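Visitor: I have the model open and would like to go through it piece by piece. Could you take my questions in turn?

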Amino acid sequence: SSLHNSKLLSSRLFDIMTTIVPTGSSSIAISHIELDSGNNSINIEGQAASGYPALEAFKKTISKTTFSYVQAGDTKASEPIHIASDIVNGDQRYGESSDGTRVLNFMISFTYPNELFAPTSERGRIVAPNKQNATDSAVGVPTSLFTTVSAGGSN
């Protein structure tokens with residue numbers, strides 16, 4: 001039981017990535033993610049078709065993304081905390097993608113707070129500057145389950 005109660009909620013990493021990866025003109029493609037629980041770090045390798053501006057947008061999104069949660073046994077949500085500190089650039093170089101287009105290959109890493117993956121951090125909410133609510137429930141529940149009330153309908 002004690003081992004089970006102390007395990008990380010590493011599946012929350014998918015919610016984080018869904019929230020922080022930019023789309024549109026600043027889109028990036030992730031090729032490798034590593035969650036290092038020993039150092040409280042996340043290492044990311046990827047490609048940016050738009051080059052350095054897309055990488056900078058990605059890093060700024062990471063630095064401004066917050067996490068709020070309810071501590072197990074409490075009823076009030078925590079103050080939002082940043083998901084990242086110490087964002088570090090790794091290798092950055094231009095290369096070609098599989099279809100021959102020029103892309104920026106990059107590696108970055110950042111340190112995360114213990115609360116981000118703690119099993120006692122319940123009802124977590126991840127909020128990026130341009131996206132909100134990539135929690136387990138929001139991602140896992142299809143929006144097709146909910147509809148608007150039709151005219152004359154009751155609540």
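Visitor: How many residues lie between S5 and S6 in the hairpin, and which glycine in the turn has a positive phi?
Guide: This is a predicted model. In it, S5 and S6 form a hairpin with five residues between them. The turn holds a residue with a positive phi of about 90°, and that residue is glycine 100.

Visitor: How many bridges join S5 to S6, and do they run parallel or antiparallel?
Guide: Strands of a sheet pair through backbone hydrogen bonds, either parallel or antiparallel. Strand S6 covers residues 102–111. It is joined to S5 by eight bridges, and the two run antiparallel.

Visitor: What is the bridge partner of glutamine 92 in S6?
Guide: S5 spans residues 85–96, and glutamine 92 has its bridge partner across in S6. That partner is phenylalanine 106.

Visitor: Where is serine 109, and is it buried or exposed?
Guide: Serine 109 is placed in strand S6. Not counting residues up to four places away in sequence, serine 109 touches Ile42, Asn43, Asp86, Ile87 and Val88. Its relative accessible area is 19%, and the cut-off for burial is under 20%, so serine 109 counts as buried.

Visitor: How many aromatic pairs does the structure hold?
Guide: A pair of aromatic rings is described by the distance of the centres and the angle of the planes. The number of such pairs in this structure is four.

Visitor: What kind of pair do the rings of tyrosine 52 and tyrosine 94 make?
Guide: The ring centres of tyrosine 52 and tyrosine 94 are 5.7 Å apart, and their planes stand at 80°. Planes over 60 degrees apart count as edge-to-face. The pair of tyrosine 52 and tyrosine 94 is therefore edge-to-face.

Visitor: How many residues apart in sequence are the parts that this pair ties together?
Guide: Tyrosine 52 belongs to helix H3, residues 52–64, while tyrosine 94 belongs to strand S5. Tyrosine 52 is partly exposed at 35% relative accessibility, and tyrosine 94 is partly exposed at 37%.

Visitor: Which arginine lies over the face of tyrosine 94?
Guide: Tyrosine 94 has a residue over its ring face, at 4.0 Å from the ring centre. That residue is arginine 102.

Visitor: What are the distance and angle for tyrosine 112 and phenylalanine 117, and are these residues buried or exposed?
Guide: The rings of tyrosine 112 and phenylalanine 117 have centres 4.8 Å apart and planes at 85°, so this pair is edge-to-face. Tyrosine 112 has a relative accessible area of 5%, and phenylalanine 117 has 0%. Tyrosine 112 is buried, and phenylalanine 117 is buried.

Visitor: Where is leucine 8, and how far in space is it from proline 119?
Guide: Leucine 8 is in the loop between helix H1 (2–5) and H2, and at 34% relative accessibility it counts as partly exposed. Leaving aside its neighbours within four places in sequence, leucine 8 is in contact with Ser37, Tyr112 and Phe117. Leucine 8 and proline 119 are 111 residues apart in sequence, while their C-alpha to C-alpha distance is 6.1 Å.

Visitor: Why is helix H2 described as largely enclosed?
Guide: Helix H2 covers residues 12–20. Its buried residues are Arg12, Leu13, Asp15, Ile16, Met17, Thr19 and Ile20.

Visitor: Which backbone oxygen does the side chain of serine 121 reach?
Guide: Serine 121 lies in strand S7, residues 121–127, and is buried, with a relative accessible area of 1%. Leaving aside its neighbours within four places in sequence, serine 121 has contacts including Leu9, Arg12 and Phe67. Its side chain reaches, at 2.8 Å, the backbone oxygen of glutamate 115.

Visitor: What is the strand order in the open sheet of three strands, and which are the edge strands?
Guide: The open sheet of three strands has the order S4-S3-S7, with antiparallel pairing. Each edge strand pairs on one side only, and these are S4 (81–82) and S7.

Visitor: Which residue in S4 stands opposite phenylalanine 67?
Guide: Two bridges join strand S3, residues 66–71, to S4. Opposite phenylalanine 67 stands isoleucine 81.

Methods:
Residues are numbered from 1 along each chain as its sequence is written. This is a predicted model: local features need pLDDT of at least 70, side-chain atom pairs count only at pLDDT 80 or more; totals for chains, interfaces and linings use all residues. Side-chain values use heavy atoms; hydrogens and water are left out. Rings of Phe, Tyr and Trp (its six-membered ring) pair if their centres lie within 6.5 Å; planes under 30 degrees apart count as stacked, over 60 as edge-to-face and the rest as tilted. Helices (H or I, at least four residues) and strands (E, at least two) are DSSP runs, numbered from the N terminus. Buried means under 20% relative accessible area, exposed over 50%, partly exposed in between (1.4 Å probe, protein chains only). A charge sits over a ring if NZ of Lys or CZ of Arg is within 6 Å of the ring centre and within 35 degrees of the ring normal. Two strands pair if DSSP finds at least two bridges between them. Contact means heavy atoms within 4.5 Å. A polar contact is a pair of N or O atoms within 3.5 Å; within protein, one must be able to donate a hydrogen and the other to accept it, and residues adjacent in sequence count only if both atoms are side-chain atoms.
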